[in-house]
Amino acid sequence: MVSEERLQAEESKVAALESNGGSMSVALVGVARQRRRKEVIELFLRLMCMASSIVAVSLMVTAKEATNVSIYGFNFPINSKWSFSQSYQYVVGVSAAVAAHSLLQLLIGTSRFLMKSSVIPSRKYAWLLFAGDQAFAYALMSAGSAASGVTNLNRTGIRHTALPNFCKPLHKFCDHVAISIAFTFTSCFLLAISAVQDVIWLSQHSS
């Protein structure tokens, strides 16, 4: 009887250990799946930011139009092109840099994801991503704001002068510029989300 009781006790211990081991394995699988989902979202943000920046550059560099405008009753030919404005050049330069940054991070992250490695391998790399995302987000905000001021002046003209609303005769040019600026701010927003994700990753891997 004593030996049977000991055998049953040992079997109960083994069953309990197997049960705990199974629970731990299930928990680990759940954590791994959650991490992979977060990494997919991060890579998707990189892809969207790259696409948005490319669209912003494409629309801006194709913004050009020639027409005539009447000032004080005289018709003058005007030719408007994105390269005539330093603010628009700024948008093109920053958006192109952001597109390159997003493409690089997308390629690195995708390769690590396919190899089933962590997309962010270390805290040092996470800090580097955070600094880059934040710097580019501020640059995009600055470029978009500067370009918006020029575009608003083109639409409203200058008060107390005969300078007209240039966007009436140059509506195609202004439409291209306006949509490009909208995509510039979209890229800024996406980078800001990526920066927040970088901070969350750092807070979860503080040790």
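A cavity, as I use the word today, is a set of grid points where a 1.4 Å probe fits but cannot get out. Its lining residues have an atom within 4 Å of a point. Keep in mind that this is a predicted model.

So, the cavity. A search of the whole structure finds 1 cavity of 30 Å³ or more. The largest cavity holds about 60 Å³ of space. Which residues line the largest cavity? They are Glu 42, Leu 43, Arg 46, Gln 105, Ile 108, Gly 109, Val 119, Tyr 125 and Leu 129. Helix 1, helix 2 (86-114) and helix 3 (123-156) are the elements that each give two or more residues to this lining. By class, the cavity lining has 5 nonpolar, 2 polar and 2 charged residues.

The largest pocket has about 360 Å³ of space. It is lined by 14 residues, and Arg 35, Lys 38, Trp 201, Gln 204 and His 205 are the closest to its centre. Helix 1 and helix 4 (171-204) are the elements that give two or more residues here. Helix 1 provides the largest share, 6 residues. The classes in the pocket lining are 5 nonpolar, 5 polar and 4 charged.

Last, the surface. Phe 44, Leu 47 and Met 48 form a nonpolar patch there. Together they have about 270 Å² of accessible area. Take Met 48, which sits in helix 1 (residues 2-61). Why is Met 48 called partly exposed? Its relative accessible area is 36%, and partly exposed means between the 20% limit for buried and the 50% limit for exposed.

How values were computed:
Residues numbered from 1 in each chain as written. Predicted model: local features only at pLDDT ≥ 70, side-chain atom pairs only at ≥ 80, totals over all residues. Heavy atoms only, no water. Patch = residues over 30% accessible without salt bridge, like charges linked within 9 Å, V, L, I, M, F, W, Y side chains within 5 Å. Areas by Shrake-Rupley, 256 points an atom, 1.4 Å probe, with all protein chains shown as cover. Salt bridge = Lys/Arg side-chain N within 4 Å of Asp/Glu carboxyl O. Helix = DSSP H or I, 4+ residues; strand = E, 2+ residues; numbered from the N terminus. Buried < 20%, exposed > 50% of the residue type's maximum accessible area, 1.4 Å probe, protein only. 1 Å grid on protein atoms, 1.4 Å probe; cavity = no way out; pocket = protein on both sides within 12 Å on 5 of 7 lines; lining within 4 Å. Points joined across faces, edges and corners; volume = space filled by probe spheres on them. Nonpolar A, V, L, I, M, F, W, Y, C, P; charged D, E, K, R; others polar.
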